[in-house]
Amino acid sequence: MDSNDFLEFLNNMSTKPLRVLDASIPDSKYLSLDLSESNKTLNAIDVSSSFKLNAYIDSHIKKHDALVAYGGYLEVRNIYKRSSHFNRQTEDERNIHLGVDLWSPANTQIYTPLDATVHSFKNNMNYGDYGPTIILKHIIADVIFYTLYGHLSLASIKDLKIGQAFKQGEQIATLGDTSVNGDYPPHLHFQVIKNIQDYIGDYPGVCNKKDLEFYMRNCPDPNILLKYA
């Protein structure tokens, strides 16, 4: 299945939004959030500080009487400049975000949007990394693909087992706090992956310009499932 067929397959999977947060949260309580380098408001904020970035995000959510801020697919972000994990001298700068982020308090419950089994999980402990991460495997109409959940709590992976089955809408995890999630304000990084390659408990969630074409094909916009906008 090529990337265009895969997009059509995902788009036709459900006419209704598929949720990774509490399904009772109405669409009106979701608010888009721009953390790209083109958002000039961020020039006055030290985005390398999780505390200051969290204050900005909380203020944005409260100002609009929302509960969850979301966005970030293919955003070019300055926040990754703080971490050598994204900026090793041997590679081009990785600053293009490949998933969607859902900004919500620590311990927020996370649910699988589809029937799934656990492909792998891992605590990715680099500064600025995912922290506890779960990758689910989905087989729908004989099509295999994966979803990744990053920045979780340590409890989320404590008793997890490879191959463990979850039904659509079943809780799989909770969000971690700054101390375990790579030093970010609490949020879920949700990513759709067509081919997991050889990765176990991890997959790039940020890429550089030269690799962008590949990752756009392999990691389509999660909003095709979530349908926030």
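C207 is buried, at 1% relative accessible area. Buried here means under 20% relative accessible area, exposed means over 50%, and partly exposed lies in between (1.4 Å probe, protein chains only). The model is predicted, so local features need pLDDT of at least 70, side-chain atom pairs count only at pLDDT 80 or more, and totals for chains, interfaces and linings use all residues. Residues are numbered from 1 along each chain as its sequence is written, and side-chain values use heavy atoms, with hydrogens and water left out.

C219 is buried too, with a relative accessible area of 0%. A disulfide is a covalent bond between the sulfur atoms of two cysteines. In the search, a disulfide was a pair of cysteine sulfur atoms within 2.5 Å. The whole structure was searched, and zero disulfides were found. C207 is in none; its nearest cysteine sulfur belongs to C219, 8.5 Å away. For C219, the closest cysteine sulfur is that of C207, and 8.5 Å is too far for a bond.

R77 sits in the loop between β2 (68-71) and β3 (96-97). Helices (H or I, at least four residues) and strands (E, at least two) are DSSP runs, numbered from the N terminus. R77 counts as buried, at 3% relative accessibility. Its side chain forms a polar contact of 2.9 Å with the side chain of E75. A polar contact is a pair of N or O atoms within 3.5 Å; within protein, one must be able to donate a hydrogen and the other to accept it, and residues adjacent in sequence count only if both atoms are side-chain atoms. Leaving out residues up to four places away in sequence, R77 touches L35, S36, E37, G71, G72, N95, H97 and D101. Contact means heavy atoms within 4.5 Å.

L31 lies in strand β1 (residues 30-32). L31 is buried, at 15% relative accessible area. A66 is 35 residues from L31 along the chain, yet their C-alpha atoms are separated by 6.2 Å. With residues up to four places away in sequence not counted, L31 touches H60, I61, H64, A66, V68, A69 and Y70.

Helix α2 (residues 50-63) gives the most to the lining of the second largest pocket, with four residues. A pocket is an open set of points on a 1 Å grid over the protein atoms alone, where a 1.4 Å probe fits, with protein on both sides within 12 Å along at least five of seven lines; lining residues have an atom within 4 Å of a point. The lining includes I61, W103 and P185.
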